[in-house]
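Below is a briefing on one protein chain, grouped by topic. The sequence and structure come before the notes.

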Amino acid sequence: MTQETSSPPNQKTQNLQSLPRSPVDPELILCAVDAAWRADLRSAGFGWVFHLQDKTIAGEGSSAQCFVASALEAEGLAIIEALKHAKRRRIEKLAMSSDSSQLIQALNSNFHPKVIYGIIQDIQILSKSFRYVSFALIPRSLAKYSLNSLSVELTLI
């Protein structure tokens, strides 16, 4: 079940000074993603927030999924869901960020751990839908901001 919300760019503003700095490009959308994984239920919840260059919230969404094998897999699935949402919104330039160092390293290199090889492939295929996509590591505290939209989803799993 996916829940998506969008808000006009000037309706909500969140001060996120530490998001990765990007070149000034008015078309570039910043996207912070995060996931929460329940090992006992083998389920995960995902959240993502789109920001304009001035840090104004441009949209957000959340989703939950069963049969998720690991926290790393959950983080990868969170990026997939955010990319799908961005594609539906016709975003063309996207700067993705996550607190999963192993996932970001895999996305920015040729080393793809076997446990998430298929997820990496799906992300790479989805990335071809955009004119520009980048993947950056952010501190855990910033990624947690994306979890705010997960509260309802996590009670469902």
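## Briefing

Ser43 is buried, with a relative accessible area of 4%; buried means under 20% relative accessible area, exposed over 50%, and partly exposed in between (1.4 Å probe, protein chains only). This is a predicted model, in which local features need pLDDT of at least 70 and side-chain atom pairs count only at pLDDT 80 or more, while totals for chains, interfaces and linings use all residues. Residues are numbered from 1 along each chain as its sequence is written, and side-chain values use heavy atoms, with hydrogens and water left out.

**Overall architecture**

- The protein has five helices and six strands, where helices (H or I, at least four residues) and strands (E, at least two) are DSSP runs numbered from the N terminus.
- Along the sequence these elements follow the pattern β-β-β-β-α-β-α-α-β-α-α.
- Of the 157 residues in the protein, 50% are buried.
- Taking contacts (heavy atoms within 4.5 Å) between residues at least 6 apart in sequence, 71% join residues at least 24 apart.

**Ser43 in strand S3**

- Ser43 belongs to strand S3, which covers residues 43-51.
- A polar atom of the Ser43 side chain lies 3.2 Å from the backbone oxygen of Leu41.
- For reference, a polar contact is a pair of N or O atoms within 3.5 Å; within protein, one must be able to donate a hydrogen and the other to accept it, and residues adjacent in sequence count only if both atoms are side-chain atoms.

**Packing of H1 against H3**

- The axes of H1 and helix H3 (residues 117-127) come within 10 Å and cross at roughly 15 degrees.
- Such axes are lines fitted to C-alpha atoms, for helices over the stretch in contact, and angles run from 0 to 180 degrees between N-to-C directions.
- H1 and H3 are therefore roughly parallel to each other, a label for angles under 35 degrees, with over 145 counted as roughly antiparallel, 65 to 115 as roughly perpendicular and the rest as oblique.
- The crossing of H1 and H3 is left-handed, meaning that the near helix is turned anticlockwise from the far one by less than a right angle (right-handed if clockwise).
- On the H1 side, the residues that meet H3 are Glu73, Gly76, Leu77, Ile79, Ile80, Leu83, Lys84 and Lys87.
- Their partners in H3 are Ile119, Asp122, Ile123, Leu126 and Ser127.

**Glu75 and Ser98**

- Glu75 lies in helix H1 and is buried, at 9% relative accessible area.
- Leaving aside neighbours within four places in sequence, Glu75 is in contact with Asp34, Ala35, Ser98, Asp99, Ser100 and Leu103.
- Ser98 is part of strand S5 and is buried, with a relative accessible area of 0%.
- Not counting residues up to four places away in sequence, Ser98 touches Val33, Glu75, Ile79, Ile104, Ala136, Leu137 and Ile138.
- Ser98 and Gly76 are 22 residues apart in sequence, and their C-alpha atoms are 9.4 Å apart in space.

**Cysteines**

- Cys31 lies in strand S2 (residues 28-38) and counts as buried at 1% relative accessibility.
- Not counting residues up to four places away in sequence, Cys31 touches Trp48, Val49, Phe50, Ala82, Leu94, Ala95, Met96 and Ser97.
- Cys66 is partly exposed, with a relative accessible area of 44%.
- A disulfide is a pair of cysteine sulfur atoms within 2.5 Å, and by this rule the count is zero disulfides.

**Loop residues and positive phi**

- Most residues other than glycine have a negative phi, and most peptide bonds are trans.
- Phe67 is not a glycine, yet has a positive phi of about 60 degrees.
- Phe67 sits in the loop between strand S4 (57-66) and helix H1 (71-88) and is exposed, with a relative accessible area of 76%.
- Arg90, also not a glycine, has a positive phi near 60 degrees.
- Arg90 lies in the loop between H1 and strand S5 (93-98) and is exposed, at 73% relative accessible area.
- Val115 is placed in the loop between helix H2 (101-107) and H3 and is exposed, with a relative accessible area of 63%.
- Val115 and Ala69 are 46 residues apart along the chain, and their C-alpha atoms are separated by 9.1 Å.
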